[in-house]
Amino acid sequence: MEIWVDSADIGEVKRVHELGIVDGATTNPSLFAKQKSKDFKGVVKQIADIVNGPVSAEVVATDFEGMVRQAEIVSKIHKNVVVKIPCIPDGLKAVKYCSDNGIKTNYTLTFSANQILLAAKAGATYTNVFIGRLDDAGHSGMEVVREAMQILNNYKFETKLIAASTRHPLHIKEAALLGCHVATVPPALIEKLIKHPLTDAGLKQFLADWEKCGCKIE
Ligand code: E4P
């Protein structure tokens, strides 16, 4: 499963990318609002240069012509940019247009198996299940991931599924067990995945015992 850092903060992206397990990045307008720069294209380009893999950047127009015009602009920022398009009727048409014109897309704000089926039929490169937001609304986000993966596999669609809006380590493990292709993960959660209390306790003990034995590695 690919791991994409969910952030528009260049410092954060750089920090987690240095771990060596980050395959890409995703941004959205709310993540842009959290960082200081107003240079949308510059930030996307810098993130793309750091991660050297897919970077999703979102259009904000909500009509077909506007989305397609913005998709053309966004897709030219960097060769690895994937254009994020919201799941509305004009968005679906825009995904089909992009797919027919060689622009990679990430069909976003998707919450149901039927939305994923349509994304795949329109030729989206990626689409999402916003797991945490579904859980927050009293649904099972992971159940939708299971249904979506079954639909994509049943018909051998090329569209890749992203486990988005991940909030805790179980989301990542369960998405990986279901064969989800990508997880977008906030930097703090990526760092949480490394940790285990038994690892910390075990290391502390090993280092204390090493001190006692007086050996050296040189
Ligand atoms: C995905 O495309 C979004 O950027 C992100 O995963 C949304 O996460 P949130 O629900 O925590 O805002």
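**Exercise 1.** In this predicted model, determine how many nonpolar, polar and charged residues the shell around the ligand has.

*Solution.* Sorted by class, the shell around the ligand has 2 nonpolar, 5 polar and 4 charged residues. To see which residues these are, list the surroundings of the ligand, which are D6, T26, N28, K84, N128, F130, R133, A164, S165, R167 and T184. Since Ala and Phe count as nonpolar, A164 and F130 belong to that class, while D6, K84, R133 and R167 belong to the charged class, because Asp, Lys and Arg count as charged.

**Exercise 2.** State how much of the ligand's accessible area the protein covers, and where the ligand sits.

*Solution.* On its own the ligand has 340 Å² of accessible area, and the protein covers 84% of this. As for its place in the model, the ligand sits in the largest pocket.

**Exercise 3.** Decide whether the aromatic pair of F32 and F40 is stacked, tilted or edge-to-face, and whether each residue is buried, partly exposed or exposed.

*Solution.* The count of aromatic pairs comes to 5, and one of them joins F32 and F40, with 5.0 Å from centre to centre and 55° between the planes. Because an angle under 30 degrees would count as stacked and one over 60 as edge-to-face, this pair is tilted. F32 has a relative accessible area of 12%, and because this is under 20%, F32 is buried. F40, at 28% relative accessibility, counts as partly exposed.

**Exercise 4.** Repeat the reasoning for Y155 and F157.

*Solution.* The ring centres of Y155 and F157 are 6.0 Å apart and their planes stand at 50°, so this pair is tilted. Y155 is exposed because its relative accessible area of 58% is over 50%, whereas F157 counts as partly exposed at 25%.

How values were computed. Residues are numbered from 1 along each chain as its sequence is written. This is a predicted model: local features need pLDDT of at least 70, side-chain atom pairs count only at pLDDT 80 or more; totals for chains, interfaces and linings use all residues. Side-chain values use heavy atoms; hydrogens and water are left out. A residue is near a molecule or strand if one of its heavy atoms lies within 4 Å of it. Accessible areas come from the Shrake-Rupley method with a 1.4 Å probe; for residues, only the protein chains shown count as cover. On a 1 Å grid over the protein atoms alone, a cavity is a set of points where a 1.4 Å probe fits but cannot get out, and a pocket is an open set with protein on both sides within 12 Å along at least five of seven lines; lining residues have an atom within 4 Å of a point. A molecule sits in a cavity or pocket if more than half of its atoms lie within 2 Å of its grid points. Rings of Phe, Tyr and Trp (its six-membered ring) pair if their centres lie within 6.5 Å; planes under 30 degrees apart count as stacked, over 60 as edge-to-face and the rest as tilted. Buried means under 20% relative accessible area, exposed over 50%, partly exposed in between (1.4 Å probe, protein chains only).
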